[in-house]
Amino acid sequence: MKRIDLIRHLERYGVQLLREGGSHSVYVNRSAGKTSTVPRHREINDFLAQKICKDLDIPKP
């Protein structure tokens, strides 16, 4: 899955960018109190995208 598509999915469910790291972006779901990192690659493995959504407590893409 493309990184931009994953980010759009996250933002659709109210997840916000917390900070930018060296090679990852940290996103937070404030309503659930959960955080997860998204790597800065053009393509993100589907299993990793599902794990990120599970960590943030939102539906899978």
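This is a predicted model: local features need pLDDT of at least 70, side-chain atom pairs count only at pLDDT 80 or more; totals for chains, interfaces and linings use all residues.

Reader: Which residues of H1 and H2 meet?

Author: From H1 come Leu6, His9 and Leu10; from H2 come Ala49, Ile52 and Cys53. By class, this contact has 5 nonpolar residues, 1 polar and no charged ones.

Reader: Now the sheet. What is the order of its strands?

Author: The general idea comes before the case. Strands of a sheet pair through backbone hydrogen bonds, either parallel or antiparallel. Here, 3 strands form an open sheet in the order E1-E2-E3, and the pairing is antiparallel. Strands E1 (16-20) and E3 (34-39) stand at the edges. Each has a single partner strand, so one side of each lacks a neighbour in the sheet. From one strand to the next, the twist averages 30°.

Reader: How many bridges join E1 to strand E2?

Author: There are 4 bridges between E1 and E2 (residues 24-29). Gln16 stands opposite Val28 in E2. H1 packs on the sheet and touches E2 and E3. The direction of H1 makes about 165° with that of E3.

Reader: Last, the backbone. What is the phi of Asp57?

Author: Most residues other than glycine have a negative phi. Asp57 is not a glycine, yet its phi is positive, about 60°. Asp57 lies in the segment after helix H2 (46-55).

Reader: Is Asp57 buried or exposed?

Author: Exposed means over 50% relative accessible area. Asp57 has 53% relative accessibility, so it counts as exposed.

Methods:
Residues are numbered from 1 along each chain as its sequence is written. Side-chain values use heavy atoms; hydrogens and water are left out. Helices (H or I, at least four residues) and strands (E, at least two) are DSSP runs, numbered from the N terminus. Buried means under 20% relative accessible area, exposed over 50%, partly exposed in between (1.4 Å probe, protein chains only). Contact means heavy atoms within 4.5 Å. Ala, Val, Leu, Ile, Met, Phe, Trp, Tyr, Cys and Pro count as nonpolar, Asp, Glu, Lys and Arg as charged, and the others, Gly among them, as polar. Two strands pair if DSSP finds at least two bridges between them. Axes are lines fitted to C-alpha atoms, for helices over the stretch in contact, and angles run from 0 to 180 degrees between N-to-C directions.
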